[in-house]
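Hi,

Here is the structure I promised to pass on.

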Amino acid sequence: MTQGIFTRIRVIKMSGHMETDAQTISPEMPAMFDGMKLAAVATVLYILVRFLNLKSPTAAPEISCQDTTLNLYLLKSCSILSKEYIPPLLWGKSGHFQTALYGKMGRVSSPHPCGVRMYLPMQDGATATFDLFEPLGDHLTSDDITMVICPGIGNHSEKHYIRTFVDYSQKQGYRCAVLNHLGALPNIELTSPRMFTYGCTWEFSAMVSYIKRTFHQTQLIVVGFSLGGNIVCKFLGENHANQDRVLCCVSVCQGYSALRAQETFLQWDRCRRLYNFLMADNMKKIILSHRGSLFGTRSTKMEIMDLSRLYTATSLMQIDDNIMRKFHGHDSLKEYYEKESCVHYIHNVNVPLLLVNSADDPLVHESLLTIPRTLAEKKENVIFVLTLHGGHLGFFEGAVLFPQPLTWMDKVIVSYSNAICQWQKQQPQCHQATDCTELKGKA
């Protein structure tokens, strides 16, 4: 018998000439296994801490703006902007987790506000739709205020985060009009060979015009989420008349420049390439659900070859180049991104403008945030708010594990809107909407 990690014992049966080997474990082995287990546990904990970003501190948002009378009033009135944003302890500091929870669930315990679906025929044969929700109480100023809301890419009024925001706004005395992006609703067929694009403002403009015609006394608060933020800022900057009767605008988690963003979407940093693939897959499903209206008809600009390219697309840029740019006749992807990005129009917006982004948003690269920061430094009507956490349209709040139904984002938009309405109420009456716009721009 020899000593070692293993001790081999040979037993020989003389009658059957059969040998059997038995192995016994030496006393050193349990200690070795325990060490391996501890190392595995430590590795898993390290990965979790890094992925969930547990060591990151909580902080108040970074705010960029000029020290004007209006901005100082707004920051004082919106105390939420000067306080720490505290996400759920275990997972809320991970931008990926916040974004995934928003993408999969939208919101927790989402309400079901009751509204009326409106249909607006467009000049090119398309039919724009939006949902109208009446206020559930009096506004704090007793005025008639309507929030005109533009959701994110491929979204509509039935998404949980939209329903949560609408319900909260209704209870604060706001009427809400929510655009359903053309082609986004699964049960609404397209009436022309065109669907929503990154920066087309036609449907949003039609909704705003309807609200102005129908409610003669109402004033507007413009709200855009993600892609919707690009659309609303572009809409206001395209034509000065679009700012008539608009009290303010709020944009949340947009990227400002599609041309600059396309390069970052091909990078694996923060898994951005993976998000690009997932969003492209969702866009493919939306487009293919309307293949009968978009492909193979005489009135469409799409060809069957474009359909085959769509099946093989793995990024939003490929879909934009082969499909989306052709809806409006753009000659190249660069031209499409240049003309549909709000970065070329947002400097024309003179109403109070709140731009909100998150530093851990995996979809918006940090290089894009120089656009709103520079804008806030140059234009006195702009406030740029950058949170440390929140992901893409997440901004969940909560103690440890379970998030609250209402998010920090919902509270900020309504708080800012309330402050704007109160400020406007305190100002001398303006006889013309254009005069009011000029005053707000100079405040």
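Let me start with helix α13: its buried residues pack against β3 (62-64), α7 (258-264), β10 (353-358) and β11 (382-387). Buried means under 20% relative accessible area and exposed over 50%, with partly exposed in between (1.4 Å probe, protein chains only). Helices (H or I, at least four residues) and strands (E, at least two) are DSSP runs, numbered from the N terminus.

A word on the basis: this is a predicted model, where local features need pLDDT of at least 70 and side-chain atom pairs count only at pLDDT 80 or more, while totals for chains, interfaces and linings use all residues. Residues are numbered from 1 along each chain as its sequence is written, and side-chain values use heavy atoms, with hydrogens and water left out.

Back to α13, which spans residues 370-378: I371, P372, L375 and A376 are the buried ones. Seen down the axis, they fall within an arc of 125 degrees, so they line one face of the helix (the arc is that of the directions from the helix axis to the C-beta atoms). E377 and K378 are exposed, on the face turned away from that buried side.

As for the whole protein, there are 15 helices and 11 strands, and 54% of its 443 residues count as buried. Take contact as heavy atoms within 4.5 Å: among contacts with a separation of 6 or more, 76% join residues 24 or more positions apart.

Cheers
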